[in-house]
Amino acid sequence: MSQTSFQDISQAKQDAIPLPLGERLVRNGCVSPAQLEQALEAQSKEGHKETLIGKTLIELGYITHPALLNCLFHQLTRERVAYHLDRQAQTIIRFENVEKSLDGRKVLDNLNLEIPANKITAIIGISGGGKSVTLKHMVGLMKPDKGEVWVGDQPLGRLSTRKLNHVRRRFSMLFQEGALFDSLNVTDNVAFPLRETTRLHEEEILRRVELCLQEVNLVGMGNKYPDELSGGMRKRAALARALVTQPEIILLDEPTAGLDPIIENSIHYLICDTFMRTRYTTVFISHAVPAIFDWCHHVVVLHRGRVLASGPSLEIRNSSDPTIKQFISGDLDGPIQVI
Ligand SMILES: Nc1ncnc2c1ncn2[C@@H]1O[C@H](COP(=O)(O)OP(=O)(O)OP(=O)(O)O)[C@@H](O)[C@H]1O
Ligand SMILES: [Mg+2]
């Protein structure tokens, strides 16, 4: 989908106000207020939560699935324009002069980085540039040799194990490899973090797992084991596991790598949809350049363990920096040396 240009910027800012999905659909003219009311009524009879309003509207025939997704995409576009204009966001994760060497090689080199709260941030950069290592530092899985990583007002390096675990519970992470447990079926894989970190009844756990599997389009696949799934299905199962605990901060390491363009697109919609419903801070690493600029508010370009650029996606997309331009265009000729 191409970028949308807006004549009336102030209208875009007005439209970017976060709203519950149902209200947003009415505001955007996708459904009528009466249809929304009927859908809410139908849901309350069946005891469903408001979060499924999109699905109910589809079932009642008031909106098609592509139209619903289109509406979400345009809402995100409006928000991106608004963020580009006012840049208003608190910082939730901050790297302060972080250095990290691995196997004698400096991977993070005096890295200073800020992740805005309640926005979607994409981290991009050439392979081996330190993106996954950076993500692991955010959740305290790797520790800096020098410098500090802050989550809110908590300096991770100075926390006791108990406090660090407490901070970690605010996160969920999708690892680059997906990292499903081979010996567990899809249901048990997705249920795993709920069983480990909550005291929910089994019935409630299975209900939440089922909802999550619906969201990632894996209905009926709960009994399958990872080696019975395609690569795309494994990725979606791992994504369901990252989303099931409803964390405050979601870290996704290449959620679309190795997927066909249609599944890639559907994952982008899913991330956008989840964000619109929850407003959780979402950070994801992606090589889907330039498509990725349409799917996030903020972009960080990492290069050789440093931040080359950081800002609203619209700004980075139009950057005149030769390294960023080369990275976006994929040219072999430019400041990035390709061996
Ligand atoms: N556990 C580790 N031990 C030793 N070296 C590591 C480790 N993890 C990462 N590295 C090295 O750190 C560098 C950055 O790795 P990282 O995984 O962060 O790259 P990336 O930007 O995520 O790349 P890609 O886009 O290919 O996933 C690489 O040179 C890698 O070999
Ligand atoms: Mg990586």
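This report walks through a ligand site, a helix pair, a sheet and a hairpin in a predicted model.

Local features here need pLDDT of at least 70, side-chain atom pairs count only at pLDDT 80 or more, and totals for chains, interfaces and linings use all residues. Residues are numbered from 1 along each chain as its sequence is written, while chains are lettered from A and ligands numbered from 1 in the order in which they are written.

**Ligand site.** Around ligand 1 you'll find Leu-102, Asp-103, Val-107, Gly-125, Ser-127, Gly-128, Gly-129, Gly-130, Lys-131, Ser-132, Val-133 and Gln-176 (a residue counts as near if its C-beta atom, placed from the backbone, lies within 6 Å). Helix 6 (residues 131-138) gives the largest share of this shell, 3 residues; helices are DSSP runs of H or I with at least four residues, and strands are E runs of at least two, numbered from the N terminus.

**Helix pair.** Helix 8 (residues 186-197) and helix 9 (residues 202-215) pack at about 125°, with axes 9 Å apart; axes are lines fitted to C-alpha atoms over the stretch in contact, and angles run from 0 to 180 degrees between N-to-C directions. That makes helix 8 oblique to helix 9 (under 35 degrees is roughly parallel, over 145 roughly antiparallel, 65 to 115 roughly perpendicular, the rest oblique). On the helix 8 side, the contact uses Thr-187, Val-190, Ala-191, Leu-194 and Arg-195, and helix 9 brings Ile-205, Arg-208, Val-209, Cys-212 and Leu-213; contact means C-beta atoms, placed from the backbone, within 7 Å.

An open antiparallel sheet has 4 strands in the order 2-1-4-5, where strands pair if DSSP finds at least two bridges between them. Strand 2 (105-116) and strand 5 (154-155) each have a single partner strand, so one side of each lacks a neighbour in the sheet. Strand 4 (residues 146-151) is joined to strand 5 by 2 bridges, and Val-151 has Gln-154 as its bridge partner. Helix 6 packs on this sheet, touching strand 1 (91-102), strand 2 and strand 4, with its direction at about 60° to that of strand 2.

**Hairpin.** Strand 9 (residues 298-303) runs antiparallel to strand 10 (residues 306-312), with 6 bridges joining them. His-303 sits opposite Arg-306. There are 2 residues between the strands, and Arg-304 takes a positive phi near 50°.

Terms used
Two residues are in contact if their C-beta atoms, placed from the backbone, lie within 7 Å.
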